[in-house]
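Hi everyone, thanks for coming. I'd like to walk you through a structure today, so please have a look at it before I start talking.

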Amino acid sequence: MGTFCSVIKFENLQELRRLCHWGPIIALGVIAICSTMAMIDSVLWYWPLHTTGGSVNFIMLINWTIMILYNYFNAMFVGPGFVPWGWTPEHSQDTIYLQYCKVCRAYKAPRSHHCRKCNRCVMKMDHHCPWINNCCGYQNHASFTLFLLLAPLGCLHAAFIFLMTMYTQLYNRLSFGWNTVKIDMSAARRDPLPIIPFGLAAFAATLFALGLAIGTTIAVGMLFCIQMKIILRNKTSIESWIEEKAKDRIQYYQLNEVFVFPYDLGSRWRNFKQVFTWSGAPEGDGLEWPLREGCHQYSLTIEQLKQKADKRVRSVRYKVIEDYSGACCPLNKGIKTFFTSPCTEEPRLRLQKGEFLIATRGLRYWLYGDKVPEDSFVEGASRLRGWFPRKCVEKCPCDTEADGPPEGEKKTR
């Protein structure tokens, strides 16, 4: 209820400006088109409301729409939760483990990161999502994930309505050559006939809505799977990249240590409850977190400081081995690359074979970093920055394990 009230009150009316962005406009447009067409098709042509099945079907459509919009606006307007201005840890000696944000004039709490779009340090930041024009983080992670679950389910229901509407209306008009296929259509038969005939315009609109529903089911369903995967491990997308670089650092310097992610509580159910609770509010305060046994509250931030001090790990060099056009969802780079394209406003880098890149973070099939221009030795030379497929690049030979650490490096690390 508290979350609901915060959505209604809009503590800061300027939050409404988040709606004036291409992401929410497209997302709400898709929801409006699919929901409206599904209701129109149900009432006018598919399943009359005076039947029990028709009434239940119509109520379910309304229910999907309400739940989808509720979680969508929750994720957008409640927001991820920000580190308070001027925040410092309770014990002053702990500041040596934390990075200081000059913009927020505060120390970055464990698991928090500064978002350049929101211009604030976000608690347990996962990513900045253009579809809600806000970050996904500590406070809205559950609402965002529920939206990713409910949207495909609602679209599947709508897609079924669209298919059955077109089938029932065209059943007696077209012959598909399926003489052996017999479907009992008596439950959906209209008597008398519908007032508004199912014409060409209605068919085109239903077909268009069907395409939107199927596309949304696939795209958003993939995002839901990705989110659930990291929730069950109690990680964020950024933390997965930090963990990957930690293992790379240990392997490169041949250190006798094992990096243990401190926030994975060892049980998927316990990790799940860190995000989803009966009260609707996430566990904790967003500044301190329950830890895996044997881990330190600042284990991850200490690892970040190590990586920041280690230029080789912070900026891994890659060489382009395949051309890339800069397309948002490239079909010619594989199905997994196509469906896991980063959901962000950040640009894609157009690549040509032989170019060099510096990667600073990434996902399983995508990397983010800078393109190194030929005049990079010139002081102040600009660099192009964006996402690019992992498939198009390979690590430079000097950054591979085979080279090993520099002489004496293993002992000093």
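**Cores, helix pairs and a proline**

Let's begin with Leu148: setting aside neighbours within four places in sequence, this leucine is in contact with Val220, Leu223, Phe224 and Gln227. Please keep in mind that what you see is a predicted model.

Where does Leu148 belong? It is one of the residues with the most contacts inside the largest nonpolar core, along with Tyr72, Ile132, Phe144, Phe147 and Phe276. That core has 24 residues.

In general, a pair of packed helices is described by the angle between the axes and the distance between them.

Take H3 and H4. Their axes come within 9 Å and cross at roughly 155°. Angles over 145 degrees count as roughly antiparallel, so that is how H3 runs relative to H4. The crossing of H3 past H4 is left-handed. Which residues of H3 and H4 make the contact? On the H3 side they include Trp64, Ile68 and Tyr72, and on the H4 side they include Phe144, Phe147 and His157. Sorted by class, this contact has 14 nonpolar residues, six polar ones and no charged ones.

Next, H2 and H5. These two pack at an angle of about 130°, and their axes are 9 Å apart. H2 and H5 are therefore oblique to each other. H2 also passes H5 in a left-handed crossing. From H2, the residues that meet H5 are Val30, Ile33, Cys34, Met37, Asp41 and Trp45. Their partners in H5 include Ala202, Phe208, Leu212 and Thr216. By class, the contact of H2 with H5 has 11 nonpolar, two polar and one charged residues.

Last stop: a proline in a loop. Pro342 lies between helix H10 (335-339) and strand E8 (356-362). Is Pro342 buried or exposed? Buried means under 20% relative accessible area, and Pro342 has 8%, so it is buried. Leaving aside neighbours within four places in sequence, Pro342 is in contact with Arg348, Leu363, Trp366 and Trp387. Pro342 and Trp387 are 45 residues apart along the chain, while their C-alpha atoms are separated by 8.0 Å.

That's my tour, and I'm happy to go back to any part of it.

How values were computed
Residues numbered from 1 in each chain as written. Predicted model: local features only at pLDDT ≥ 70, side-chain atom pairs only at ≥ 80, totals over all residues. Heavy atoms only, no water. Core = buried A, V, L, I, M, F, W, Y, C linked by side-chain atoms within 4.5 Å. Buried < 20%, exposed > 50% of the residue type's maximum accessible area, 1.4 Å probe, protein only. Contact = heavy atoms within 4.5 Å. Axes fitted to C-alpha atoms, helices over the stretch in contact; angles between N-to-C directions. Helix = DSSP H or I, 4+ residues; strand = E, 2+ residues; numbered from the N terminus. Parallel < 35°, antiparallel > 145°, perpendicular 65-115°, else oblique. Left-handed = near helix turned anticlockwise from the far one by under 90°. Nonpolar A, V, L, I, M, F, W, Y, C, P; charged D, E, K, R; others polar.
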